[in-house]
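Please look over the model below before reading my comments.

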Amino acid sequence: MNDLIFLSALSMVEQIRKKTISPVELVNAHLTQIEKLNPRLNAFVQVDAEGARRSAREAESRVMSNSPLGLLHGVPLSIKSSISVAGLRCEAGTRLREGFIATQDAPLVTRLKDAGAIILGTTNAPELLMAWETDNLLYGRTKSPWDLERTPGGSSGGEAAAIVAGMSAGGVGSDGGGSIRVPAHFCGICGLKPTPGRIP
C-alpha cells in the first residue's frame with residue numbers, strides 16, 4: 001500500500017492511464033491510511049469515503065472505456081476546511097461557523113473535479129485561519145506526522161499533515177501570510193502560494 005500512497009501525483013496519473021493501477025485501489029489505499037493515522041494526527045475534519053469511492057468507480061469506468069481523461073484523473077486530494085466542497089463541512093475552525101455545510105463547490109474545487117481529481121475530504125485549520133499552528137475549539141489540535149508533540153504549522157496544517165502522512169496525494173490550502181509555506185516547511189514537503197488573483 002505504501003507504494004501507492006507515496007507515489008507522486010504525476011506518477012499516479014501516468015499509471016492510471018497505463019491501467020497498471022486503478023483509481024479505486026488508489027482511493028482505497030488512501031482511505032485505509034486515513035483510517036489508520038487520522039485518529040492520532042487529527043488532520044481531517046471530515047472524510048467523504050462514500051463520495052470518494054463513488055468518484056473512483058466513475059473514474060475507473062472512464063479509464064476502462066478509453067474515454068478522454070483529465071490531467072488529474074483519479075488522483076485523491078484533500079481540501080482545507082475553509083474552502084467550499086459541496087456537502088462537506090466548511091467551518092474555518094471557528095464556532096461561529098459550526099455545522100456549516102457548503103452547498104456548492106468553490107470554483108477551484110470545480111476545476112479540480114473537472115480535471116478528474118477525487119476529493120477525499122476536508123482538513124483542519126486554526127480558528128479563522130489565524131495562527132501558525134493548527135488548533136481550534138471545534139476539532140482540537142493537528143499533530144505533526146514526524147513528532148506527535150509538535151505542530152505541522154498553520155494555517156494549512158491539516159493539509160500538510162495529511163499529505164506527508166500519505167493520507168492524501170496532494171491538497172489545497174490558502175496563504176495570506178505563510179499559511180501554505182509555513183506548514184510545508186514544518187512538514188518537509190513542497191508548498192506553493194500562487195500569485196494573488198491567479199486562482200479564485
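1. **Ground rules.** This is a predicted model, in which local features need pLDDT of at least 70, side-chain atom pairs count only at pLDDT 80 or more, and totals for chains, interfaces and linings use all residues. Residues are numbered from 1 along each chain as its sequence is written, and side-chain values use heavy atoms, with hydrogens and water left out.

2. **Main core.** Which residues touch the most other members of the largest nonpolar core? Ile79 and Val109 do, in a core of 23 residues. A nonpolar core here is a set of buried Ala, Val, Leu, Ile, Met, Phe, Trp, Tyr and Cys residues joined through side-chain atoms within 4.5 Å. Buried means under 20% relative accessible area, exposed means over 50%, and partly exposed lies in between (1.4 Å probe, protein chains only). At least two core residues come from each of helix 1 (2-5), helix 2 (9-18), helix 3 (23-41), strand 2 (76-80) and helix 5 (107-114). Helices (H or I, at least four residues) and strands (E, at least two) are DSSP runs, numbered from the N terminus.

3. **Val109.** Setting aside residues up to four places away in sequence, Val109 touches Ile79, Ile83, Ser84, Val85 and Ile119. Contact means heavy atoms within 4.5 Å.

4. **Salt bridges.** How many salt bridges does the structure hold? There are five. The criterion is a side-chain nitrogen of Lys or Arg within 4 Å of a carboxyl oxygen of Asp or Glu. One of them pairs Arg54 with Glu50, with the closest N and O atoms 4.0 Å apart. Both residues lie in helix 4 (residues 49-64), four residues apart, about one turn of the helix. Arg54 counts as partly exposed because its relative accessibility is 40%. Glu50 has 64%, so it counts as exposed.

5. **Two further bridges.** Asp105 pairs with Lys113, and the closest N and O atoms are 2.9 Å apart. Lys113 is partly exposed, at 35% relative accessibility. Asp147 bridges to Arg150, with a closest N and O separation of 3.2 Å. Asp147 is partly exposed at 29%, whereas Arg150 is exposed at 55%.

6. **Rings.** The structure holds zero aromatic pairs. To pair, rings of Phe, Tyr and Trp (its six-membered ring) need centres within 6.5 Å; planes under 30 degrees apart count as stacked, over 60 as edge-to-face and the rest as tilted. A charge over a ring does occur: Arg97 lies over the face of Phe100, 4.5 Å from the ring centre. That call requires NZ of Lys or CZ of Arg within 6 Å of the ring centre and within 35 degrees of the ring normal.

7. **Cys90.** Cys90 sits in the loop between strand 2 and helix 5. Is Cys90 buried or exposed? It is buried, because its relative accessibility is 1%. Beyond four places in sequence, Cys90 is in contact with Ser81, Ser82, Ile83, Ser84, Arg97, Phe100 and Ala102. Cys90 and Gln46 are 44 residues apart in sequence, and their C-alpha atoms are 9.6 Å apart.

8. **Thr94.** Thr94 also lies in the loop between strand 2 and helix 5. Thr94 is buried, at 1% relative accessibility. Leaving aside neighbours within four places in sequence, Thr94 is in contact with Glu127, Leu128 and Leu138.

9. **Asn124.** Asn124 is in the loop between strand 3 (118-123) and helix 6 (157-164). Asn124 counts as buried, at 1% relative accessibility. A polar atom of its side chain lies 3.1 Å from the backbone oxygen of Gly140.

10. **Backbone geometry.** Most residues other than glycine have a negative phi, and most peptide bonds are trans. Please check these exceptions. A cis peptide bond joins Gly154 and Ser155, with omega about 10°. Ser155 is in the loop between strand 3 and helix 6. Lys19 is not a glycine, yet has a positive phi of about 65°. Lys19 is in the loop between helix 2 and helix 3, and is partly exposed at 40%. Asn42 has a positive phi near 60°. Asn42 is in the loop between helix 3 and strand 1 (44-47), and counts as buried at 18%.

Terms used
Polar contact = N/O pair within 3.5 Å; in protein donor to acceptor, adjacent residues only side chain to side chain.
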